[in-house]
Amino acid sequence: MKYEAVIGLEIHSQLLTNTKIFCGCSTRFGAAPNSQVCPVCLGLPGALPVLNGKAVEFAVEMGLAVECTINRESVFARKNYFYPDLPKGYQISQYDKPLAEHGTLQIETDDGRRNIGVTRIHMEEDAGKLIHGEGAEDGGHSFVDLNRACTPLIEIVSEPDMRTPEEAVAYLKGMRDIILYLGISDGNMEEGSFRCDANISIRPVGQTTLGTKAELKNMNSFKFIKDGLAYEIERQIDLIEGGGHVVQETRLFDSARGITLAMRGKEEAHDYRYFPEPDLKPLVITEELIERARKSLPELPVAKKERFIKEYEIPTYDAGVLISSRVLAEYYEAVVKATAEAKLSSNWVMGEVLRALKEDNREIGECPVSAHNLAELILMVKKGIISNTIAKEVFAEMYKTGGKAHEIVSKKGLSQISDESALVAVIDEVLSKNADSVERYKAGEQKLLGFFVGQVMKGTKGQANPGLVNKLLKERLKG
Amino acid sequence: MDLTSKTIAGLSEMLQKRELTSKEAAGLYLERIAALDPSINSYITVTTESALADAEKADKRLASGTDITPLTGVPISVKDIFCTEGLKTTCASRMLEGFIPPYDSTVIKKLKDAGAVILGKTNMDEFAMGSSTENSAFGSTLNPWAEDRVPGGSSGGSAASVAADLCAASIGTDTGGSIRQPASCCGVVGLKPTYGRVSRYGMIAFASSLDQAGPLTKDVKDAAIMLGLMAGRDNCDSTSIDASVPDYAGSLQDNIKGLRIGIPNEYFIEGMDKETEGLVREGIKTLKDAGAVIVDISLPHTEYAVSVYYLVATAEASSNLARYDGVKYGQRVDIGSGLIDMYKATRDAGFGAEVKRRIMLGTYALSSGYYDAYYKKATDVRALIKNDFDEAFKTCDVIATPTAPAPAFKIGERTSDPLTMYLSDIFTISCNLAGLPGISLPCGLTEAGLPTGLQIIGKFLGEQDVLNTAYAYEQARGPITQKPKL
């Protein structure tokens, strides 16, 4: 029998506000443990939450970016459970009245384009971190760091619309791209500022009812998500084919072994006893706020890719690479604007620029070669002032020093043709045209060398490097 | 007249005239506390050292003659539910024994800024859960009027400390009557403001949608003075109301001619103490004689108030008290192996029986499958109760009722029967559910010499009406000559 998977994803993304969602503490990552805390995020008796307006703006922008309806009134709710990293014994989240609902995200895989439904986006606070001690002194102890507690999060819940691990990854990448475009989060999966849980079940192709699902956690890279889902699909199919059945449970992905392991069953699932948070009034979103957020939305990745393909007539692949970050896309567009060479610019950005950055482990925003300077270099190639080969050398120098193309070319005398292969062609032409002079030279008339040099310089419009011409001529005339 | 029995206004006048220093005043109260409080037990912690330091600062301020409020240099007590920076704050629970907050609650900060001298932290029912102060982990408080009786609760220590002249005034909190009912039991004035009028920041939460801080004082004017200094929007409390604070004390007046006072028939019930009913009706007659118009009104959903309250309040409490887990502060009992054992042992040892009972009730009311039948239904009925008041206030300006169905009961009398205990708050709870202001005024002693209370309930943010009505009653009634025999 043929099976298909049904996958729904829950994404948690931290929001890049300067301060926490319910207090004024800094959200900076990497500070000394428990140094960014106050009565509110420590859950001290009597402390009360106050909502961070910037976090609301960010969440509204995300809602609009994935075409959600923004609820004019949403309600914070308490999710009650005990854990040492949760100082109040409840997480302030949203439950039955979330900030945004009914959105959609277009994804593209080898199977084509599909729209994935976004069920809801809601706001909540993050928990702290537990650090489990090691060694003689700390072993057996756990330490609580509450710096992260109360950091703003949005949770984005998808419809169970994905059918393959590839689609799930495409959806996640799409969401992450949007988040990065909006600049509302750093999308860092390793540090946990962008996290994903998956609900997955299988069913025979053609069946419309859903199978029993498992919840997968602990997949902190695109690869792990793909591997975890692929493993889980296999596992569930094997179970059913073997006459068994899937049990509803939470499973952890073990990245070292590439398998998923049962964490807790349905019976052990928490009863979170959600109820409206009495310390916060319902969140009212005004039309003004929505309009302001709508106006501040940048062109989003999917739309930008479409436009690049249409406007610049570059291949889909190029467009996909170039829109992978908003800054990269802007960089590319600035280069094209100055050169009017869409494909040549794309080759340069995707080739030399991205390669150098990758070797250096830098972001496009940190590229020492500005778009303006790269455009100048490309124009020099286009006008034939330097060859492509020389241009790559010049680029390496520009990348190293941050200098301008024409300065490097003139300083190093590169505008002269120092390219041996180019010169050899001219030399060979001069020599074959003047066969008799060659004979005379070989017979001892050494002063004819000057004549040959002159001819080569003439043939290269004076741009050949004379020293190199001398050397090459001598080599050629020896034989 | 003993200086310790003076009102805030009376003391302030002496302090400003420099007839008395704040340090002297504080000394007098501290002496009296040392003499009487070992038996009354109205204070959990007496903060002698910081009180004298506060007094010295206040004296400098009084000497300079600038930036003086009616509370500058006046010694007060505060319920041990308000976080006080550097001073033990227990909420009368073993769970928080030894807990020293690193911050002041907004109310405390405001009172300190006004120059108040804090004598100590008063006894209460653990986490404000109770109507008798018997649920304190640090022993019951005695009613100054009758030492075999409770002072009411949960702000019983505050009420007793005011009644016994162990402070000039006090502040408490009221979730279902916890200021008004003990005020009634102890023969003092107790005011619960409109929900949101006073910041809850730094006030240890029992039931967040009901809790409200307010003063317990010797007369109505003092209540007006205190409220004026406590009230106001606080950016640290999202539920505090953004409305300017009137000059309650300055606007106080006793002309209530034509004021329509609603009397709800649901508040004079079968089985209530006849003497109490008689004294309250006498009080209402006094208001009528002063020119008020008495209007019969109905608050038809009153009978559901106690049930609604014990669902909403316990649900919120079950969540609010989850933070006491032994991880960060307060008590930790580390027996057994691992986290769950630590949680269980800590919460078992740290909480008293009534607190556990309410956490369980609230947890149940919020549980999956029961939420709609209990918590949700309760919030729906709460809306009906609120609507009752909206309807009633179309025909009256304030409402007058008894504060409690009976005077203070005997210590131990109701501890074995939580339901009877819960009924002590039957007349005060609706006010909290509707978020309205209410005051309890002493309205005479029973034959046995026990105080009774007359409650005036006002419209949303109608504190001035409530205070004026109370003031008019107080003026018409005349001064109370009897004092507790201590």
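The model is predicted, with local features needing pLDDT of at least 70, side-chain atom pairs counting only at pLDDT 80 or more, and totals for chains, interfaces and linings using all residues. Residues are numbered from 1 along each chain as its sequence is written, chains are lettered from A in the order in which they are written, and side-chain values use heavy atoms, without hydrogens and water.

Chain B contains 15 helices and 11 strands, taken as DSSP runs (H or I of at least four residues for helices, E of at least two for strands) and numbered from the N terminus. Its radius of gyration is 21 Å, close to the 23 Å from the globule rule for 486 residues, so chain B is as compact as a globular protein of that length. Here the radius is taken over C-alpha atoms, and the rule is 2.2 Å times the number of residues to the power 0.38. Of the 486 residues in chain B, 64% are buried (under 20% relative accessible area, with exposed over 50% and partly exposed in between; 1.4 Å probe, protein chains only).

Turning to chain A, A:Cys196 lies in strand β11, residues 194-204. At 2% relative accessibility, A:Cys196 is buried. Beyond neighbours within four places in sequence, its contacts include A:Leu9, A:Met219 and A:Ile225, where contact means heavy atoms within 4.5 Å.

A:Tyr83, by comparison, sits in the loop between β4 (76-80) and β5 (90-94) of chain A, and is partly exposed at 35% relative accessibility.
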